[in-house]
Amino acid sequence: MKIGIDLDGTIADNLNLLVDTLNTHSGKKLLGDEIYQYNLCKVYSITEDDFINLMEQREEEIISTSPVIPYARRNIKQLVNDGWEVHIITARNPRYAEITEKWLHQQGIPYRGLHLLNSHDKLDVCKELKVRLMIEDNIHNGYQLATGGIDVILYDAPHNRFWPWKGTRCRTWNQVYNSISNQR
Ligand SMILES: [Mg+2]
């Protein structure tokens, strides 16, 4: 049994670091809880080029210093103990493979495969791997995967909270684990 797990916003809590970075850049003073959509360019009224430039400067630091989302480690370990093969499937650029592996190792997150796609399109990889389900916080990825026939648990976040979602939504990693062990 294979399970796909997104990284940023699902295992790594990068939202507040991103918001801090964009606040500094734009002079705004938003809180993570005020980010109601995934597209930060729209939230901050900046161009995609601006955003890319900013991330080139700051992404490595954000990746290296993001805390782990509460109870993710314990519950992912439990999933592995239950026989799940964990595949971390992320839109991060493959140039961050090494620091991503280092972070996962430091945080004690067990996994079999790490897939850095440099794209939000995760459907093909999920199908190729034949994951039984994917845990994801990006609502747009969630829509695409669900439409493509992948079972998705949406990990709750301010930027997906006000978007319609017919599938399972979990607010904590304990809920994620219970949902998987009860229903699948
Ligand atoms: Mg994410």
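The dialogue below works through several features of this predicted model.

Q: What should be kept in mind about the numbering and the kind of model?
A: Residues are counted from 1 along each chain as its sequence is written. The model is predicted, and local features need pLDDT of at least 70, side-chain atom pairs count only at pLDDT 80 or more, and totals for chains, interfaces and linings use all residues.

Q: Which residues does UniProt list for "active site"?
A: UniProt positions are given in the numbering used here, with shortened feature names, and annotations may be inferred rather than shown by experiment. The record, an unreviewed entry, lists D6 and D8 under "active site".

Q: Where is D6 found, and where is the place of D8?
A: Helices (H or I, at least four residues) and strands (E, at least two) are DSSP runs, numbered from the N terminus. D6 lies in the loop between β1 (2-5) and α1 (15-26), and D8 is placed in the loop between β1 and α1 as well.

Q: Why does D6 count as buried, and why is D8 buried?
A: A residue is buried if 20 or more other C-beta atoms lie within 10 Å of its own, exposed if 12 or fewer, and partly exposed in between, with C-beta atoms placed from the backbone. D6 counts as buried because it has 22 C-beta neighbours inside 10 Å, and D8 is buried because 20 other C-beta atoms lie within 10 Å.

Q: With which residues is D6 in contact, leaving aside its neighbours within four places in sequence?
A: Two residues are in contact if their C-beta atoms, placed from the backbone, lie within 7 Å. With those neighbours left aside, D6 contacts I89, T90, I135, E136, D137 and N138, while D8, treated in the same way, contacts N14 and T90.

Q: How many bridges join β1 to strand β2?
A: Two strands pair if DSSP finds at least two bridges between them. Strand β1 runs parallel to β2 (residues 85-90), with 4 bridges joining them, and K2 stands opposite E85 in β2. Strand β1 also pairs with β4 in the parallel sense over 3 bridges, where I5 has I135 as its bridge partner.

Q: Which residues of helix α8 are buried?
A: In helix α8 (residues 173-183), the buried residues are W173, V176 and I180. They are on the same side of α8 because they cover an arc of only 55 degrees around the axis, the arc being that of the directions from the helix axis to the C-beta atoms. On the other side of α8, N182 and Q183 are exposed. The cover over the buried residues of α8 includes α4 (72-81), β4 (133-136), β5 (151-155) and β6 (168-170).
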